[in-house]
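This report goes through a few local features, the surroundings of a ligand and the packing of several helix pairs. Please have the sequence and the structure at hand while reading.

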Amino acid sequence: MQKQNEMDRERMTLVRQPKTDTVKEFDFTPRDFERVRALIHRRAGIALADSKQEMVYSRLARRLRATGIRSFQSYLDQLESRPEDGEWEAFTNALTTNLTSFFRESHHFPILADHVRGRKEQMTIWCCASSTGEEPYSIAMTLCEAFGTMTPPAHVIATDIDTNVLNTASNGIYGIDRLEKMPVEQAKRFFLKGKGAQEGLVRVRPELRQLVTFKQLNLLSDDWPVSGPFDAIFCRNVMIYFDKPTQSRILARFAPLMKPDALLFAGHSENFLYVSDAFRLRGKTVYQLDPQPGKGRGLTRGGLKNL
Ligand SMILES: C[S@@+](CC[C@H](N)C(=O)[O-])C[C@H]1O[C@@H](n2cnc3c(N)ncnc32)[C@H](O)[C@@H]1O
């Protein structure tokens, strides 16, 4: 009878255990999560939501294994005590989210083509969160098609904080499935198909690759190794990771880098009007400098809107 009661109790506890409460390789306390949150926010501006605890654990557990450090506490102590430690790069790379695709949010590209077509002067377009390269190469393809040549009078500067994705981008090699939605003619024009050991892969043609320069750039950093004036800035699906004051500061720094008629492209869920008075909406998630910043929009000094 006692055994039966024990078994019932055990079954009850098993039933009540939340799914995520499995035995973990490393202890990961709420305090560890708070420390990670503060460090990545300070370093990269990324604001991690409470719901990201499991994601943070699994991504950083790999770093603990790679470094041979046996606890989150020691790992984080080491990072905090050595601001120049090489592990900072791997820590940051581990916590970025790099989802992207060729011609993502496709309505932006005809707008870019109309904006540049027919211009004679040399143009520069900045793609400031370029991830694995699909976005800057889509911009470069658009430039080639707008001018009907593989040598348009334009160049793309593609930057990201994450050095892993920049390597992938710079190599320009992708699984052929990444081109699934691209018309066959366009794919043939801009990519070479791998054979033999490279079967299933495609490589960006060298002429297209030449149009793009990749560099590391942290949008939070005081030094940006880019200089305008830009004809367009693509800042898509990165501001969503930042809090409003950070977004506002970054947008305030974009404005002086842009030509007066330059375009600023945002991600589908990003609205820059709420955080900056420097821009006006020109179309769906496309902005231009506002010649009369903030006029009639109830914005305060410094570009932050009263909520
Ligand atoms: C979701 S991806 C968006 C990629 C692309 N812009 C697009 O829309 O498809 C976000 C990118 O922002 C980068 N990122 C995050 N924080 C950053 C920062 N502080 N400075 C520069 N890039 C950052 C990440 O490394 C990641 O590659």
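P229 sits in the loop between β6 (212–216) and β7 (230–235), where strands are DSSP runs of E of at least two residues and helices are runs of H or I of at least four residues, numbered from the N terminus. The peptide bond that leads from G228 to P229 is cis, with omega near 0°. The model is a predicted one, in which local features need pLDDT of at least 70 and side-chain atom pairs count only at pLDDT 80 or more, while totals for chains, interfaces and linings use all residues. Residues are numbered from 1 along each chain as its sequence is written.

The phi angle of S131 is near 50°, a positive value in a residue other than glycine.

S131 also belongs to the surroundings of the ligand, since it is listed with T96, T100, A129 and N237 as the closest of 25 surrounding residues; a residue counts as near if its C-beta atom, placed from the backbone, lies within 6 Å of the molecule. By class, this shell holds eleven nonpolar, nine polar and five charged residues, with Ala, Val, Leu, Ile, Met, Phe, Trp, Tyr, Cys and Pro counted as nonpolar, Asp, Glu, Lys and Arg as charged, and the others, Gly among them, as polar. Both domain 1 (2–95) and domain 2 (108–303) contribute at least three residues to the shell, the domain bounds coming from an automatic or database domain assignment.

Two packed helices are described by the angle between their axes and the distance between the axes. The axes are lines fitted to C-alpha atoms, for helices over the stretch in contact, and the angles run from 0 to 180 degrees between N-to-C directions.

| Helix pair | Angle | Axes |
|---|---|---|
| α6 (residues 108–116) and α7 (residues 134–147) | roughly 45° | within 9 Å |
| α2 (residues 30–44) and α4 (residues 72–81) | about 25° | 10 Å apart |
| α3 (residues 53–67) and α5 (residues 87–95) | about 150° | 9 Å apart |

Angles under 35 degrees count as roughly parallel, over 145 as roughly antiparallel, 65 to 115 as roughly perpendicular and the rest as oblique. Accordingly, α2 is roughly parallel to α4, α3 and α5 are roughly antiparallel to each other, and α6 and α7 are oblique to each other.

In the contact of α6 with α7, F109, L112, A113 and V116 of α6 meet S138, I139, T142, L143, E145 and A146 of α7, where contact means that the C-beta atoms, placed from the backbone, lie within 7 Å. This contact divides into seven nonpolar, two polar and one charged residue.

Between α2 and α4, the residues D32, R35, V36 and L39 of α2 meet F72, Q73, L76 and L79 of α4, and the contact comprises five nonpolar, one polar and two charged residues.

For the remaining pair, V56, R59, L60, R62, R63 and T67 of α3 meet E87, A90, F91, A94 and L95 of α5, a contact with six nonpolar, one polar and four charged residues.

Terms used: Contact = placed C-beta atoms within 7 Å.
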